Each structure stands twice: as structure tokens, then as C-alpha cells.
Amino acid sequence: MSQSTWKDQIKKKWGPHSHCPICGKAMPTDKQFCSQNCRDNYHGTQKKQKKKSRIQMIFMFGMMAVVFVFMFLFTG
Ligand SMILES: [Zn+2]
């Protein structure tokens, strides 16, 4: 009995590979991105994400401040 799992089957079919973090395409393991386009995309989104997380943090602190003010007003 030599029933191969689906993982083995995928390995046989595709060989060792990794996936592009941008588009999810299978690509050689020694590459970081499948194409120059995806490389540019990655650096673009990283910049955007940094900006976004900053806004989220400010928003969170703002919310916390509001909550604290309300707690102070209604529990004091
Ligand atoms: Zn890609």
C-alpha cells in the first residue's frame, strides 16, 4: 500500500517552490517575487501599510482617550 497524500502529489507535480507574496503565483524558491511588477507592488504596499498602521494607531489612541474621558465623567 503506497497511497500518497495530496501533499506528496503537489510536491511531485510542482517540485520545490514558494509563492509570490503579492499575487500568490508559484515560483522558484530562490526568488522573492515572481516578477519585477510584483516587487514594485510589494514595496508600494509596504509603504502604504506603514502609513495605514500609523493612522490606525492614532485612531486607537484617540478612542482610548475618549473612553477614559467618559469613564472619568460617568464613574467619578
Ligand atoms: Zn507575483
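Helices (H or I, at least four residues) and strands (E, at least two) are taken as DSSP runs and numbered from the N terminus. The structure described here is a predicted model, in which local features need pLDDT of at least 70 and side-chain atom pairs count only at pLDDT 80 or more, while totals for chains, interfaces and linings use all residues. Residues are numbered from 1 along each chain as its sequence is written.

The secondary structure of the chain consists of two helices and two strands, and these elements follow one another from the N terminus in the order α-β-β-α. Along its principal axes, the C-alpha trace of the chain spans about 70 × 40 × 15 Å. The chain has a radius of gyration of 23 Å, whereas a compact globule of 76 residues would have one near 11 Å; the radius is taken over C-alpha atoms, and the globule rule is 2.2 Å times the number of residues to the power 0.38.

Helix α2, formed by residues 36-75, contains 40 residues and reaches 57 Å from its first C-alpha to its last, which is close to the 58 Å expected at 1.5 Å a residue, the expected span being 1.5 Å times one less than the number of residues.

A residue is buried if 20 or more other C-beta atoms, placed from the backbone, lie within 10 Å of its own, exposed if 12 or fewer do, and partly exposed in between. Of the 76 residues of the chain, 0% count as buried, and the count of buried residues in α2 is zero. K50, which is found in helix α2, is exposed because 9 other C-beta atoms lie within 10 Å. K50 and K25 are 25 residues apart in sequence and, C-alpha to C-alpha, 25 Å apart in space.
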